[in-house]
Amino acid sequence: MFEIVFLGTSASAPSIQRGLTANAVLAGEHRFLIDCGEGTQRQILRSGIGFKRLNNILLTHAHLDHILGLGGLMSTFARWESIDTVDIYGGKPTLARVYALLYGVVLDYERLDVTINLRELQAGKFFEAKDFTVSAFPVTHRGLGSFGFIFQEHSRRPFLVERAEALGIPAGPERGRLVGGQAVTLADGRTITPEMVLGDEVRGVKLVYVGDAGRTDNISQFVADADCLVIESTFLQGEAEEAAHFGHLTARQAGELAANMGVKSLILNHVSRRYREHAILDEARRAFPNVHVARDLDHYIIRRDQPVEKLAPEVVKARAVQVEQEEQEKES
């Protein structure tokens with residue numbers, strides 16, 4: 001299971017309802033911030049997730065509306081949070097711009113007690129946890145060094161309790177070893193192998209995140225069979241030529257990509273102020289029915305082979321109140 005929290009969903013410039021691009025993916029004990037537009041740190045607090053463990057930052061590309069909030073966020077991390085190391089991942093042009101921002105402006109003015117690691121992305125896996133991996137793939141946008149991200153849970157073979165009980169395997173460490181792929185010897189001398197109590201392999205949850213993109217043909221293989229695809233929809237089809245000129249997609253293109261590649265749920269992001277939300281939804285749904293348009297502070301849960309689940313606003317609000325109380329305690 002993955003969760004994604006939309007912190008900023010506007011394209012290029014903020015609107016009254018939408019901030020600049022930033023989103024958080026929650027994966028067990030790990031947290032990832034994807035892009036960091038202006039105002040991100042306040043949105044983190046408003047969302048109810050807080051700053052804890054948010055020390056992996058993934059950048060889709062170098063444009064300022066996706067990175068300009070990093071300076072303030074690093075300052076907050078150093079002054080108020082128990083975060084001493086931050087890993088920032090991005091393409092080479094993106095990291096060059098981040099370096100100029102952080103070391104030419106923020107860190108030139110004040111020394112921050114936080115270690116910042118700039119890690120250049122290449123296509124392929126770059127992060128591995130116990131239960132999932134994160135991989136990068138190239139995306140076509142204006143300029144070089146744009147990337148999308150795949151969050152992929154490991155496949156697993158379910159433990160068949162009924163079969164284990166029929167074989168007389170006691171509850172306890174023996175079952176744990178079998179799940180881990182080890183054979184065990186029971187008290188009566190019988191040897192039980194994992195194949196005797198494990199079912200067929202079940203693939204893990206797949207979440208694909210694409211920032212700004214001007215084409216879909218060269219990312220379709222990475223999107224295929226995603227349980228959830230998050231992707232931009234900056235334009236409508238009536239402005240398809242303008243979208244192509246600026247390296248962006250239309251809502252219809254996003255919907256067609258999801259439909260053609262077996263995606264389960266589609267969440268549209270990077271919304272232009274020029275369109276109403278219902279127009280974006282209507283256009284995408286003509287190609288793909290299970291689509292949502294992200295709003296700031298939306299919180300979705302992503303499970304295997306299921307439609308995404310959106311947390312109720314009152315749950316999000318309650319979490320935000322708790323975070324606010326914790327922040328007030330720090331300051332007092």
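## Contacts and overall shape

Let's start with how this chain folds back on itself: among contacts between residues at least 6 apart in sequence, 62% join residues at least 24 apart. Keep in mind that this is a predicted model.

The chain has ten helices and 17 strands. Its radius of gyration is 22 Å, which agrees with the value near 20 Å that a compact globule of 332 residues would have. Along the principal axes, the C-alpha atoms fill a box of roughly 70 × 55 × 40 Å.

Buried residues account for 52% of the 332 residues. The chain exposes about 15700 Å², and carbon and sulfur atoms supply 48% of that area.

In soluble globular proteins, nonpolar side chains tend to be buried together. Here, the largest nonpolar core has 30 residues, and those touching the most other members are Val-208, Val-210, Leu-229, Ile-231, Leu-266, Leu-268 and Ile-280. Strands E13, E14 and E15 and helices H8 and H9 each supply at least two residues of this core. H8 gives the largest share, four residues.

Leaving aside neighbours within four places in sequence, Ile-231 is in contact with residues including Val-210, Ile-219, Leu-257 and Leu-266. A second, separate core of 29 residues includes Ile-44, Ile-57, Leu-95 and Val-114.

## One side of helix H9

Which residues of H9 are buried? They are Ile-280, Leu-281, Glu-283 and Ala-284. These residues lie on the same side of H9 because they cover an arc of only 165 degrees around the axis. The buried residues of H9 pack against H8, E14 and E15.

Key
Residues are numbered from 1 along each chain as its sequence is written. This is a predicted model: local features need pLDDT of at least 70, side-chain atom pairs count only at pLDDT 80 or more; totals for chains, interfaces and linings use all residues. Side-chain values use heavy atoms; hydrogens and water are left out. A nonpolar core is a set of buried Ala, Val, Leu, Ile, Met, Phe, Trp, Tyr and Cys residues joined through side-chain atoms within 4.5 Å. Buried means under 20% relative accessible area, exposed over 50%, partly exposed in between (1.4 Å probe, protein chains only). Contact means heavy atoms within 4.5 Å. The arc is that of the directions from the helix axis to the C-beta atoms. The radius of gyration is taken over C-alpha atoms; the globule rule is 2.2 Å times the number of residues to the power 0.38. Accessible areas come from the Shrake-Rupley method with a 1.4 Å probe; for residues, only the protein chains shown count as cover.
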